[in-house]
Amino acid sequence: IFLMLKEKHQRTFDEAKRLIEAMNQKMKSYWDFNEINYNLDEARNRLVAKDNRLIQNSRYSLDTNENKAVLYLISKIQPEDEPGKLYEFNCREFQALIRWGKDASYKKIKLMLKKLGDMSWWIDLEDGEESLVRWFNIIRMDPGTGHIKIKFHEDMFPYLLELNQRTGAGQYFTSYKIQNVTLMKHKYSPRLYEILKSYQYN
């Protein structure tokens, strides 16, 4: 009986060891892959653009890194993009951009994105209706590479896309380089900066 129990515990130990090694290998591939797969200078110079109504009339609360994560993803939107596009989010590029070090584990980033995905608030639509919206309606994560794919909520796109075309109808937008806010440390600083900038020419 003693030998049987010893053999059983040894098998359990070996299985646990193999599992830990597999997890470590996944995390190693995540860091190695992302070490070379981003252009930080290009990322810093991307523009964040929002309809002023989204800036001035929305009520939501984000901490510093959550706010920067949302702005980082908005900066990936291009004027020619169509609603429903899936955007890729590179963990290492984001971490480097906001100076969030390697202590920000995959699990920590996952929890942050879950919180952002669960957040919702009311927004006024152009036809006079109100819509309960979220930042994202799709979030997909790859633990092997650290790549994340997201899709913005469809009702958010009128406030993030085709903004130049709306200025003739008296609707204005605010744009700025994401590097203007990435070094801010207080949770309210990026939000206050946006609000003040949205009234710059008004």
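**Notebook: charged residues, core and a strand**

I began with Glu-42, which counts as partly exposed because its relative accessibility is 41%. The classes I used are buried for under 20% relative accessible area, exposed for over 50%, and partly exposed in between, with a 1.4 Å probe and protein chains only.

I note that the model is predicted, that local features need pLDDT of at least 70 and side-chain atom pairs pLDDT 80 or more, and that totals for chains, interfaces and linings use all residues. Residues are numbered from 1 along each chain as its sequence is written, and side-chain values use heavy atoms, without hydrogens and water.

**Entry: salt bridges.** I looked up the pairs in which a side-chain nitrogen of Lys or Arg lies within 4 Å of a carboxyl oxygen of Asp or Glu. By this rule the count is six salt bridges. Glu-42 pairs with Arg-46, their closest N and O atoms being 3.0 Å apart; Arg-46 is buried because its relative accessibility is 11%. Arg-53 pairs with Asp-51, also with closest N and O atoms 3.0 Å apart. Asp-51 counts as buried at 2% relative accessibility, whereas Arg-53, at 25%, counts as partly exposed. For Asp-81 and Lys-85 the closest N and O atoms are 3.3 Å apart.

**Entry: Lys-68.** I located Lys-68 in helix α4, residues 64-74; helices are DSSP runs of H or I of at least four residues, strands runs of E of at least two, numbered from the N terminus.

**Entry: nonpolar core.** I took a core as buried Ala, Val, Leu, Ile, Met, Phe, Trp, Tyr and Cys residues joined through side-chain atoms within 4.5 Å. The largest has 42 residues, and Phe-94 and Trp-135 are among those with the most contacts inside it. Helix α4 gives the most to this core, with six residues.

**Entry: strand β4.** In β4 (residues 130-134), Ser-131 and Val-133 form the covered face, while Glu-130, Leu-132 and Arg-134 form the uncovered one. I found β3 and β4 antiparallel and joined by five bridges; strands pair if DSSP finds at least two bridges between them. Leu-132 of β4 is the bridge partner of Trp-122.
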